[in-house]
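My entries follow in the order I made them.

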Amino acid sequence: MWDSDVGARNYDNRVLSGRHSVQTDKFEQRGQSWYAITDIPSDLLIQIGEISFHLHKLLSKSGRMNRIIHESREVVIKKVILNELPGGREAFELVAKFCYGAVVKLTATIITGLRCAAEYLEMTEDLEEGNLILKTEAFINYVVLSSWKDSISVLKSCEEFSPWAENLQIVRRCSESVAWKTSSDPKYVRWQYTGKHNNDSSPSRDEVLSDWWCEDVSVLRIDHFVRVITAIKVKGMKYELVGTAIMHYAMKWLPGMIKEGSSGSVEEGTGSSNGVAAGNRGGLHMIIAMNKGDHSSSPEGKRQRTIIESLISIIPPENDSVSCSFLLRLLRIATMVNVAPALVTELEKRVGMQLEEATMADLLIPSYNRSETMYDVDLVQRILEQFLIQEQMEISNPGREPMIRKSNDMNAKMRVAKLVDAYLSEVSRDKNLSLTKFHVLAEALPESARSCDDGIYRAIDQYLKAHPMLSEHERRRLCRAMDCQKLSKDACMHAAQNERLPLRVAVQVIFSEQIKISNTLAKDTGELHYQSITQNRKTLLEETPQSFRDGWAMAKKDIDTLKFDLETVKTKYVELQHEMESLQSKYDKVAKLKQQSTWSNGWKKLSKITKISTFENMGSGSQSNSEQLVKTPRRRRYSIS
């Protein structure tokens, strides 16, 4: 608060002189007009939008007004339009009161508009000592920047005065002030919570947590929030706290970022009504969202795209700065609002670095590109590829920067394998999921990543159940993704009786289980001591506890059952083989008959008749010749010698 005393000034018809002055603290509004109540009639009309200010040519404290009045040759009332004045009517009302010497109370709420208006009107010290620019600058430097609450409030008010607030360095100074206070001891900071906290509910200094500032900075617009976070990172703030602030901001302003089942609520201003609703239907994690093409081009979609792109650019490079679940939810919205492909790839890379921390529900990202599948399986495939790339880079160059994933052990691979198997079990129920996509995702991880293939077997069984029209070849190809020797006992029992599996796979399962049982028995009993154990079997059984004997009895019963099933399968296999051979021989005969045409059959018959007639002719001819030989006497040749 200050009292602006204006020295006595005389003025001609244009500019105030220093011998007389017009002062008043009374202003009256009549409709859309404001009047300064003085004994001197007004001779200057200021028009701002639909509001008119009837004043006097006393605004000599403004260089712009002096220039306008000086350039005018009119003696009568002059009308000046100031529609471009920062702060509009409210700011000019305060400027007018200041020029008339009225008392103006400065607060953090009005200081930004008043400072920008003073700059626009050129109210410098060259015109009068203690002018409005000097007073507003003093208030910002000594009052606003020393208070946490006022710094946040001024930053919030700067949203209405771009680019004036940027050019006057108000945003920069307040951002640095906030950054300095976040890294300082709270007992040295005059702070109060803003946003949902009021002045009376502020926690005591002893109860302040390290992330006390996250709620306050989340009320800022995204560009100012980025400025604050950038300044905080320069001050050396821990990357975990920076990540916490980013996650808090995203959950406040991006619909769909609140994880399903969490107790948190979206703050006012998030526009959650336009967001993404999540739910479970029939075991599938369904997410109902607006169409991508419609939502990405809407004003709300553009705002969300700007927020996501800005947040991606300021996420700390450290691996643990934000959670994998947060990244996946951010990626889901990014694909929906059509974020730049390069930034989506960056998000996929970040998710791949910590994929072992993800949950199956987070991976169920709907397909927003109007593809046939319900979920974006290609996106999960790319994330899995990033995981394998990061792992390979970690192995080849373990001394890289913290961007590389820290967990380079088999446990990470196994967790990812379980995650992929659970994901496949869910998406396999989609009848539009192609066999190729399922098979590529199932075989993306190396064999060493899975110590047990029960999960992949469950996914294969679900796929076979949802796709009953697969051919025998396709079912065999699908089953190549699992290793029968890695199935548990329960999975083997289920697979042996599973009619959806190819017969060859069922035989492999039974055979591998029999081998495992034989190896287990050989290991437990010891082949070298088999004879001595057989001799003392009765004694050992008597000394063996009842529970252990019951266990062996159950195991033997299971072994006998498996042997019987194996023999049954072998018998069926032999019968099928005989039937196949019989059918093959019949087919060969039919095919051979079909190859003989009617024309060739006719020629064969004609050839046969010809052969018979020839034979008969030869027979009759031989008989006549013999008779001739008998009847005709042999002619003797007499020699002349």
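This is a predicted model: local features need pLDDT of at least 70, side-chain atom pairs count only at pLDDT 80 or more; totals for chains, interfaces and linings use all residues.

**Entry 1: helix 5**

I began with helix 5, residues 148-157, where W148, S151, I152, V154, L155 and S157 are buried. Buried here means under 20% relative accessible area, exposed means over 50%, and partly exposed lies in between (1.4 Å probe, protein chains only). Helices are DSSP runs of H or I with at least four residues, strands are E runs of at least two, and both are numbered from the N terminus.

Residues are numbered from 1 along each chain as its sequence is written, and side-chain values use heavy atoms, with hydrogens and water left out.

What covers the buried residues of helix 5? I found that the cover includes helix 3 (111-121), helix 4 (132-144), helix 7 (170-182), helix 8 (214-217) and helix 9 (222-234). Contact means heavy atoms within 4.5 Å.

I then checked the N-terminal end of helix 5. S147 caps it, with a side-chain oxygen 3.3 Å from the backbone nitrogen of D150. A polar contact is a pair of N or O atoms within 3.5 Å; within protein, one must be able to donate a hydrogen and the other to accept it, and residues adjacent in sequence count only if both atoms are side-chain atoms.

**Entry 2: whole chain**

I took the chain totals next. The chain has 26 helices and nine strands. Of its 641 residues, 43% count as buried. I also looked at contacts between residues at least 6 apart in sequence: 69% of them join residues at least 24 apart. The chain exposes about 36,400 Å², and carbon and sulfur atoms supply 53% of that area. Accessible areas come from the Shrake-Rupley method with a 1.4 Å probe; for residues, only the protein chains shown count as cover.

**Entry 3: the core and helix 13**

Which residues touch the most other members of the largest nonpolar core? I got I46, L82, W213, L311 and L355, out of 142 residues. Helix 13 gives the most to this core, with nine residues. A nonpolar core is a set of buried Ala, Val, Leu, Ile, Met, Phe, Trp, Tyr and Cys residues joined through side-chain atoms within 4.5 Å. In soluble globular proteins, nonpolar side chains tend to be buried together.

I listed the neighbours of I46, leaving out residues up to four places away in sequence. I46 touches I51, S52, F53, L55, M65, V80, L82 and F92.

In helix 13 (residues 324-336) I picked T335. T335 is buried, at a relative accessible area of 14%. A polar atom of its side chain lies 2.7 Å from the backbone oxygen of R332.

**Entry 4: charge pairs**

I counted 21 salt bridges in the structure. A salt bridge is a side-chain nitrogen of Lys or Arg within 4 Å of a carboxyl oxygen of Asp or Glu.

R172 pairs with E176, the closest N and O atoms being 3.4 Å apart. Both lie in helix 7, four residues apart, about one turn of the helix. R172 is partly exposed at 33% relative accessibility, and E176 is partly exposed at 39%.

R89 and E93 form a salt bridge too, with closest N and O atoms 3.7 Å apart. They sit in helix 2 (residues 88-99), four residues apart.

The side chains of R221 and D223 meet at 2.8 Å, N to O, in another salt bridge. Salt bridges that share partners join R89, E90, E93 and K97 into one network.

I found a nonpolar surface patch of about 370 Å², made by L503, Y573, V574 and L576. Patches are made of residues with over 30% relative accessible area and no salt bridge: like charges are joined within 9 Å, nonpolar side chains (Val, Leu, Ile, Met, Phe, Trp, Tyr) within 5 Å. Helix 25 (residues 546-595) gives the most to the nonpolar patch, with three residues.

Last, I looked up L435 in helix 18 (residues 435-442). L435 is buried, at 10% relative accessible area. Not counting residues up to four places away in sequence, L435 touches Y463, E474, R477 and L478.
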